[in-house]
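Subject: Structure for you to look at

Hello,

Here is the structure I said I would pass on. Please open it first, then read the notes below it.

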Amino acid sequence: MAHDLQRVSRSGRARIGVSFEFFPPKNAEMETALWEAVTRLAPLAPNFVSVTYGAGGSTRERTHATVSRIINETRLKPAAHLTCVAATRDDVDDVIRAYWDAGVRHIVALRGDPVGGAGAAYAAHPGGYETSTALIKGIRKIAGFEVTVSAYPEMHPETSSFDADIDALKAKIDAGATRAITQFFFDNAHYLRFLEKARARGIAIPILPGIVPVQNFKQTASFAKKTGASVPQWLADRFEGLDNDPATRRLIAAAVAAEQVLDLVDAGVMDFHFYTMNRADLVYAICHLLGLRARAEAGAGAAI
Ligand code: FAD
């Protein structure tokens, strides 16, 4: 079909950029798994890799240790996540300075979820940064970090309207953010509509789609509910009846993610952020489909 011949994703013309998100490990076994994932994905030469900051600052030391290890043992550029939750400005400023001293030059600045978890009412910590916008200003005051922020194609659950959410993103950019990563989504129409609205509002920074390969449908669906991301019926149907069939589930997950990213490439999207869940195989395969190939000089052990 003529339509197929014109697909950018099949033309070899797409110049794809990727970034990978990891979470800090809780124990030695998880540390090994994380490092296997980092080692496998590093040769794909991502633009950056980000490391999350546990709810309420619960991973403060572990996030720091993980980004430090990435700096010391790889050629990857880490972005450390940071939230405002349950900490005074002084505490948060200490974390920011410690990141800088460790060689981190990129922060993903977030307000964070309420102490009671996503869905509970948010209250700023007394003496803390009240919003992500305030946090960005604080970071920029301390040092010349690159700052990335979140964006919500289906709206943040606490926001009053779609336009209010775009205004909030605009405020974060005015405060100094130069890139956004979206909450994950499964219907590309949500992302493309958000992108259109943001561009119409004068937002020009890159807005990377956050892609989550569905390692476990039930878990992903329950997480999506809390974050305001919708789970379409067609997606549930694709995983139906596979609870006890992990091998088929993995093939379906690969097919679902492949369809999503290739459709985005056809729509002109060239940069992707993957929520890896500290597992490499699905993400590696999707990156391969996108045309990325391992480069030995970019590997994780390169700087050891
Ligand atoms: P914000 O941008 O701060 O928005 C939150 C709400 O406040 C929205 O309703 C928004 O419209 C409103 N708002 C924002 N700015 C203003 C303003 N200036 N004036 C008025 N209203 C405003 N959580 C973690 O705990 N650790 C992580 O590492 C982490 N990483 C994440 C990475 C990404 C890419 C994403 C998308 C989310 C991540 N989260 C993380 C989840 C995030 O902390 C929660 O979604 C949280 O509820 C909101 O924080 P935020 O910075 O994303 O939202």
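Start with methionine 155, which lies in the loop between β5 (146-151) and α6 (162-174). The names of helices (H or I, at least four residues) and strands (E, at least two) refer to DSSP runs, numbered from the N terminus. The phi angle of methionine 155 is near 75°, a positive value in a residue other than glycine. Methionine 155 has a relative accessible area of 26%, so it is partly exposed. On this scale, buried means under 20% relative accessible area, exposed means over 50%, and partly exposed is in between, for a 1.4 Å probe and protein chains only.

Before going further, note that this is a predicted model, where local features need pLDDT of at least 70 and side-chain atom pairs count only at pLDDT 80 or more, while totals for chains, interfaces and linings use all residues. Residues are numbered from 1 along each chain as its sequence is written, and side-chain values use heavy atoms, with hydrogens and water left out.

Alanine 86 also has a positive phi, of about 55°, although it is not a glycine. Its place is in the loop between β3 (78-83) and α4 (89-102). With a relative accessible area of 42%, alanine 86 is partly exposed.

Now the strands. Eight of them form a closed barrel with parallel pairing, in the order β1-β2-β3-β4-β5-β6-β7-β8. Two strands pair if DSSP finds at least two bridges between them. From one strand to the next, the twist averages 30°; such angles run from 0 to 180 degrees between N-to-C directions, and axes are lines fitted to C-alpha atoms, for helices over the stretch in contact.

Strand β8 (residues 271-275) is largely enclosed by the rest of the structure, because four of its five residues are buried. Five bridges pair β8 with strand β1 (residues 17-22) in the parallel sense, and serine 19 has histidine 273 in β8 as its bridge partner. Strand β7 (residues 207-211) runs parallel to β8 and is joined to it by two bridges; here isoleucine 211 stands opposite phenylalanine 274. Strand β6 (residues 179-184) pairs with β7 over three bridges, again in the parallel sense, and isoleucine 181 has leucine 208 in β7 as its bridge partner.

Aspartate 187 sits in the loop between β6 and α7. Leaving aside neighbours within four places in sequence, aspartate 187 is in contact (heavy atoms within 4.5 Å) with Pro232 and Trp234.

Next, two helix pairs. Helix α7 (residues 188-200) and helix α10 (residues 246-266) pack at about 30°, with their axes 10 Å apart. They are therefore roughly parallel to each other; angles under 35 degrees count as roughly parallel, over 145 as roughly antiparallel, 65 to 115 as roughly perpendicular and the rest as oblique. In this pair, Asn188, Tyr191 and Leu192 of α7 meet Gln260, Asp263 and Leu264 of α10.

What is the angle at which α10 and helix α11 (residues 281-289) cross? It is roughly 40°, and the axes come within 10 Å. That makes α10 oblique to α11. Among the residues that meet in this pair are Arg250 and Val261 in α10, and Asp281 and Leu289 in α11.

Regards
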